[in-house]
Amino acid sequence: MSAAILTITARLARDPEQRRSQSGTSITTLTLPVDTGWGDNKTTTWWKVTLFGKRGESAAQHLAKGQWVCVSGSASVREYEGKNGKGFSPEMVASDWSFVGPKEKREEQWKAPVSNGDPSVIPF
């Protein structure tokens, strides 16, 4: 048996959606857009990421639309029948997630003044 393990870093397209299974397990869903290509060849793939249990509860509590997040887990593609015929949905069952600082704070870091006055030293 093989598995596709994937890591995605993206901004959340919407707030996490949380629900409970019939057995009471917490299920949290994240929606992450991933852009590939550029110009006229640019496409966006919308990933449905599912987190179970405490990891999902934590994500639902701490994450919100627009925040950067990094998720890792088993990837798959689900086939479905829609209004316009057959479709495909890329999905992941995440085993882990982490914050990836807000874009605004990262940009501010690059603009931060250098403490010793030497412009060749960039603070990190």
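These legends describe close-up views of a predicted model.

**View 1. An open sheet of 6 strands.** The strand order is β1-β5-β6-β4-β3-β2, and the pairing is mixed. At the edges stand β1 (4–11) and β2 (17–20). Each has a single partner strand, so one side of each lacks a neighbour in the sheet. From one strand to the next, the twist averages 40°.

**View 2. Strand β2 beside β3, with helix α1 on the sheet.** β2 and β3 (residues 26–36) run antiparallel, joined by 4 bridges. Glu17 has Thr29 in β3 as its bridge partner. Helix α1 (residues 53–62) packs on the sheet and touches β2, β3, β4 (43–52) and β6 (85–99). The helix direction makes about 120° with that of β4.

**View 3. The salt bridge between Glu57 and Arg20.** The closest N and O atoms of this pair are 3.4 Å apart. Glu57 lies in helix α1 and Arg20 in strand β2, so the pair ties together parts 37 residues apart in sequence. Glu57 is partly exposed, at 24% relative accessibility. Arg20 is exposed, at 52%. Arg20, Lys54 and Glu57 are linked in a network of salt bridges.

**View 4. The salt bridge between Glu91 and Arg78.** Here the closest N and O atoms are 2.7 Å apart. Glu91 lies in strand β6 and Arg78 in strand β5 (residues 68–82), so the pair ties together parts that are 13 residues apart in sequence. Glu91 counts as buried, at 16% relative accessibility. Arg78 is partly exposed, at 38%.

**View 5. The salt bridge between Lys42 and Asp35.** The closest N and O atoms are 3.7 Å apart. Lys42 is partly exposed, at 48% relative accessibility. Asp35 is also partly exposed, with a relative accessible area of 45%.

Definitions and conventions. Residues are numbered from 1 along each chain as its sequence is written. This is a predicted model: local features need pLDDT of at least 70, side-chain atom pairs count only at pLDDT 80 or more; totals for chains, interfaces and linings use all residues. Side-chain values use heavy atoms; hydrogens and water are left out. Two strands pair if DSSP finds at least two bridges between them. Helices (H or I, at least four residues) and strands (E, at least two) are DSSP runs, numbered from the N terminus. Axes are lines fitted to C-alpha atoms, for helices over the stretch in contact, and angles run from 0 to 180 degrees between N-to-C directions. Contact means heavy atoms within 4.5 Å. A salt bridge is a side-chain nitrogen of Lys or Arg within 4 Å of a carboxyl oxygen of Asp or Glu. Buried means under 20% relative accessible area, exposed over 50%, partly exposed in between (1.4 Å probe, protein chains only).
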